[in-house]
Amino acid sequence: MTTGTLAVVTAGLSTPSSSRLLADRLTEATVAALRQQGVRAQVEVFELRQHARDLADNLVTGFPNGTLRQAVDAVAAAHGIIAVTPVFSGSYSGLFKTFFDVLDRDALTGTPVLLAATAGTARHSLVLEHAMRPLFAYLRALTVPTAVFAAPEDWGGGDGTSPALSERVQRAARELADLVAARPSALPADPFAEPTPFAQLLQGG
Amino acid sequence: MQFGVFTVGDVTPDPTNGRTPSEAERIKAMVAIALKAEEVGLDVFATGEHHNPPFVPSSPTTLLGHIAARTERLVLSTSTTLITTNDPVKIAEDYAMLQHLADGRVDLMMGRGNMGPVYPWFGQDIRQGIPLAVENYALLRRLWREDVVDWQGQFRSPLQGFTSTPRPLDDVPPFVWHGSIRSAEIAEQAAYYGDGFFHNHIFWPKEHTQQMVGLYRRRFEHYGHGTADQAIVGLGGQVFMRKNSQAAVREFRPYFDNAPVYGHGPSLEDFMTETPLTVGSPQQVIERTLGFREYVGDYQRQLFLVDHAGLPLKTVLEQLDLLGEEVVPVLRKEFAALRPAHVPDAPTHASLVVAAEQQRQAS
């Protein structure tokens with residue numbers, strides 16, 4: 001059995017939050033799906049609420065403080081990410097965006113990401129495709145095809161037309177597990193360990 | 001070991017009374033700070049170079065030429081000289097001229113500048129920052145070392161049969177440091193040429209400094225300039241002192257809280273933990289500064305930032321008194337006692353003249 005790291009980033013603000021609730025369901029399902037593929041998942045959950053001040057400080061100073069750095073490094077190094085945000089004013093929350101703003105530009109290149117969102121009404125569900133997916137496309141992350149949205153009714157009987165929340169959670173988790181299990185865990189080259197030789201820089205890079 | 005001050009040259013309102021100095025006042029204050037630095041026994045004064053408000057030092061050699069005429073010992077330097085947006089031909093000329101006027105008391109620190117619009121204002125593109133730094137500096141070196149230069153590159157119009165005048169004093173170009181916070185290419189550049197590497201070591205966690213200096217030392221040895229611990233390293237640092245540490249914190253807090261760059265963010269206490277900033281008694285500054293050596297090794301130059309964020313000139317001059325009377329004499333003694341004999345001092349014009357003479361005799 002190999003090991004894979006799963007970073008769960010959730011931007012819910014209330015305690016407990018429905019974003020965290022959805023994140024937990026997705027995590028559970030992904031861990032189970034990975035186990036079936038012979039991968040033992042190591043899960044770390046990052047509640048961005050706990051880093052609200054750290055993130056504001058990072059915006060001002062340009063660097064993550066020691067506490068935030070642990071989260072930033074763990075997310076950048078994860079084999080797979082579950083990213084969950086509440087919908088604020090028709091989009092992901094500012095806190096959610098700020099976290100991904102302070103990551104290094106290439107931190108998520110090629111990383112499989114499962115997108116999920118919660119809101120007070122199903123009318124916000126397109127936030128997944130119109131706001132979240134473009135953000136992760138910019139970051140060159142590998143988003144799984146199924147993104148999961150949970151409106152209040154999804155925690156009960158649903159709207160009677162789409163598959164139940166648990167089914168969508170299962171499908172998205174399987175897709176994420178497939179990508180994580182298939183992806184070689186190559187770390188990006190460290191420019192400080194192996195700098196570009198200066199003769200090459202003199203030739204124009 | 002050399003000790004000194006480096007200034008950004010910002011015009012910032014004093015947050016305790018709202019008063020903003022005029023450009024004239026700020027420029028004269030920079031001169032007063034440099035003169036005071038020499039008076040209290042410091043070795044180096046370095047000025048930033050900026051081409052946008054609220055900064056005044058757009059013309060470093062004018063400022064440093066004036067200071068050269070009013071000082072005897074002080075080494076005049078830059079923090080930094082924009083190797084990206086300045087024409088390397090003009091840098092070669094300006095600093096050779098300064099070198100003659102200052103009887104060799106000149107070195108430079110190359111930097112790229114991080115203000116996007118400044119690049120197009122000078123006909124360049126910030127996305128070409130590293131290639132500009134590499135090509136322009138390669139040309140600058142040749143202009144100082146070859147009497148007649150034929151040259152063609154990517155960024156500047158070609159040169160045929162060009163001689164940069166005046167030639168460097170005693171045919172020895174000024175020593176050059178390269179400054180960068182976290183671009184591995186610049187540490188590599190400094191190592192390749194056997195030049196100095198300076199880390200600004202303010203506003204950022206020490207891990208960046210450690211990583212960059214470590215890379216520079218390793219590559220300095222790789223390129224055959226000496227052992228890693230003989231590489232020439234400079235560090236910045238930011239301090240505010242009063243005899244009593246609580247008084248220092250109380251007085252500096254409004255300046256910290258409203259400072260450009262980091263103000264309105266973390267608390268003073270958090271920032272002191274996260275970065276090398278030290279606000280406290282002279283003894284605390286001594287202890288913290290001696291600690292820098294533990295993560296960069298024995299180094300050659302320590303510059304302090306003491307005059308930003310709207311601090312009044314009177315306060316800045318008091319900081320220089322404390323540095324000169326209480327801090328630097330102890331640091332000189334302690335660092336010297338810790339440093340092994342094979343670790344060199346920072347090059348000066350005199351030492352470079354001797355080295356050049358030895359090289360001539362050997363060849």
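Helices (H or I, at least four residues) and strands (E, at least two) are DSSP runs, numbered from the N terminus. This is a predicted model, in which local features need pLDDT of at least 70 and side-chain atom pairs count only at pLDDT 80 or more, while totals for chains, interfaces and linings use all residues. Residues are numbered from 1 along each chain as its sequence is written, chains are lettered from A and ligands numbered from 1 in the order in which they are written, and side-chain values use heavy atoms, with hydrogens and water left out.

**Stop 1: a helix of chain A**

Select A:Arg25 and A:Glu28. They form a salt bridge (a side-chain nitrogen of Lys or Arg within 4 Å of a carboxyl oxygen of Asp or Glu), with the closest N and O atoms 2.9 Å apart. Both belong to helix α1 (residues 18–36) of chain A, and because they are three residues apart there, about one helical turn separates them. Over all chains, the rule counts 32 salt bridges.

**Stop 2: the sheet of chain B**

Colour chain B by strand. An open sheet of nine strands runs in the order β3-β2-β1-β13-β10-β9-β8-β5-β4, with parallel pairing; two strands pair if DSSP finds at least two bridges between them. Its edge strands, each pairing on one side only, are β3 (75–78) and β4 (81–82) of chain B. Zoom in on β4(B), which pairs with β5 (residues 107–111) of chain B in the parallel sense over two bridges. B:Leu82 has B:Gly111 in β5(B) as its bridge partner.

**Stop 3: where chain B meets chain A**

Show both chains. Here 28 residues of chain B are in contact (heavy atoms within 4.5 Å) with 19 residues of chain A. Next, select B:Val134, B:Gln211 and B:Glu274, which supply 22% of the area that chain B buries against chain A, more than any other three residues. Buried area is the accessible area (1.4 Å probe) that two parts lose on being put together, summed over both. Between chain B and chain A about 1,800 Å² is buried, 67% of it from carbon and sulfur atoms.

How many salt bridges does the rule find across the interface of chain B and chain A? There are two. Select the side chains of A:Arg69 and B:Glu207, which meet in a salt bridge at 4.0 Å, N to O. On the side of chain B that touches chain A, α5 (129–145), α6 (184–193), α7 (206–222) and α9 (268–274) of chain B each supply at least two residues.
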